[in-house]
Amino acid sequence: MVKSITFYQDEALESHLLRLSQQLGFESFSDFADEIRSQLKYEHYDIAGAFPVELHRINIYHAHTTSQLRIRGLMLIDRIQQNENSGLLTIALMHSKAEFSSNYKALFRNGVDYPYSFMRSNVVPVCPHCLAEAGYIRHYWHIEPYQVCHIHNCELVNVCDSCHQS
């Protein structure tokens, strides 16, 4: 068991799990995910294969037929963190029954439905000021129409100033 890391309600699930894997001393998220898969295989053999090792596939809505198994995997991580209130499930994006039209499905996160078509599929831009101050990725940066930080009133950036990489 490990002491829980700081939990932020506006944090993206990927960000929280990345910070947790770093705190636990893993060199990469995939190493952490492999360890979670091993524990899942030991505790619940049927869950292990449903837990992705790619960080960008970790959110529940990416699971087409195994979302219930992925939920159990996130609950195991909460247990590892000694976090019994299932905080990861509140920040995970899940499929919603809501529809914005017949062609547009929705995602659900902590009581709010978002149009699936609004979610960024590639690079997620960030507010460099927020990132420097808080050190985590906010979930609304994943939403396409969100272009300017409401805290610092600056445009989100998707290229690093120092290395010029995404």
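In what order do the three strands of the open sheet stand, and is their pairing parallel or antiparallel? The strand order is β1-β2-β3, and the pairing is antiparallel. Strands (E, at least two residues) and helices (H or I, at least four) are DSSP runs numbered from the N terminus, and two strands pair if DSSP finds at least two bridges between them. The structure is a predicted model, in which local features need pLDDT of at least 70 and side-chain atom pairs count only at pLDDT 80 or more, while totals for chains, interfaces and linings use all residues. Residues are numbered from 1 along each chain as its sequence is written, and side-chain values use heavy atoms, with hydrogens and water left out.

The antiparallel strands β1 and β2 (residues 104-109) are joined by five bridges, and His-95 stands opposite Leu-107 in β2.

Helix α1 (residues 13-23) is mostly covered, with eight of its eleven residues buried; buried denotes under 20% relative accessible area, exposed over 50%, and partly exposed in between (1.4 Å probe, protein chains only). The buried residues include Leu-13, Glu-14, His-16 and Arg-19. Those buried residues of α1 pack against α2 (29-43), α3 (67-80) and α4 (87-91). Just after α1, Gly-25 adopts a positive phi of about 90°.

His-142 lies in the segment after α5 (128-134) and counts as buried because its relative accessibility is 14%. Neighbours within four places in sequence aside, His-142 is in contact (heavy atoms within 4.5 Å) with Ala-12, Glu-14, Phe-118, Met-119, Arg-120, Val-124 and Ile-137.

The structure holds one cavity of 30 Å³ or more. A cavity is a set of points on a 1 Å grid over the protein atoms alone where a 1.4 Å probe fits but cannot get out, and lining residues have an atom within 4 Å of a point. The largest cavity contains about 40 Å³ of space, the volume being the space filled by probe spheres set on the points. Its lining includes His-142, Glu-14, Leu-13 and Arg-109, and the lining residues divide into five nonpolar, three polar and two charged.

Definitions and conventions. On a 1 Å grid over the protein atoms alone, a cavity is a set of points where a 1.4 Å probe fits but cannot get out, and a pocket is an open set with protein on both sides within 12 Å along at least five of seven lines; lining residues have an atom within 4 Å of a point. Ala, Val, Leu, Ile, Met, Phe, Trp, Tyr, Cys and Pro count as nonpolar, Asp, Glu, Lys and Arg as charged, and the others, Gly among them, as polar.
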